[in-house]
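Please read it alongside the model.

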Amino acid sequence: MAINFTKPMITKLQQEISELENKIKSTQNKKEKSKFKINQLEQDMKFSKSHTDLSSKMSRIKKLNDEIKTLNRMQADLSKELTAKKNSLKKLQMNETAPVTNDPAKG
């Protein structure tokens, strides 16, 4: 009876782990794109002739850096959640494969 209960839980945890891994990968991709945009803007700043253009690029870099900070926090939270779910999955899998002992008191 315990096995019938743990298999759906294991399947659900595996699905959640997969979703978290995809979210972490997506967050990493967003960070890389933001860093690439910052590098482009920094290169473009060297050729900026007007104060307005320079100021605009600096503002954009600041927004991208703030976005990266937010993504870093999000990624850290997702990593913690992923670790917790992987640990739960391991415990469930260990319980599922643990040998069932007959309790003589239950007769």
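Predicted model: local features only at pLDDT ≥ 70, side-chain atom pairs only at ≥ 80, totals over all residues.

**Charged side chains: patch and salt bridges**

1. Lys37 is partly exposed, with a relative accessible area of 39%; here buried stands for under 20% relative accessible area, exposed for over 50% and partly exposed for what lies in between, with a 1.4 Å probe and protein chains only. Lys37 has its place in helix 1, where helices are DSSP runs of H or I with at least four residues, numbered from the N terminus.

2. Residues are numbered from 1 along each chain as its sequence is written, and side-chain values use heavy atoms, with hydrogens and water left out.

3. Which residues form the positive surface patch? Lys37 belongs to it together with Lys30, Lys33, Arg60 and Lys63, and the elements that give two or more residues to this patch are helix 1 (2-45) and helix 2 (51-97). Helix 1 makes the greatest contribution, with 3 residues. A patch takes residues with over 30% relative accessible area and no salt bridge, like charges being joined within 9 Å, and the place of a charge is NZ for Lys and CZ for Arg.

4. The structure holds 5 salt bridges, each defined as a side-chain nitrogen of Lys or Arg within 4 Å of a carboxyl oxygen of Asp or Glu. One of them joins the side chains of Glu16 and Lys12 at 3.8 Å, N to O; because these residues are 4 apart in helix 1, about one helical turn separates them.

5. A further salt bridge, between the side chains of Glu21 and Lys86, has an N to O distance of 3.6 Å. This pair links distant parts of the chain, since Glu21 lies in helix 1 and Lys86 in helix 2, 65 residues apart. Glu21 is partly exposed at 38% relative accessible area, and Lys86 likewise counts as partly exposed, at 35%.

6. Within helix 2, Asp66 and Lys62 are 4 residues apart, about one turn of the helix, and their side chains meet in a salt bridge of 3.2 Å, N to O. Asp66 is partly exposed, with a relative accessible area of 33%, whereas Lys62 is exposed, at 53%. Elsewhere, salt bridges that share partners join Lys12, Glu16 and Lys85 into one network.

Terms used
Patch = residues over 30% accessible without salt bridge, like charges linked within 9 Å, V, L, I, M, F, W, Y side chains within 5 Å. Areas by Shrake-Rupley, 256 points an atom, 1.4 Å probe, with all protein chains shown as cover. Lys, Arg positive; Asp, Glu negative; His and termini not counted.
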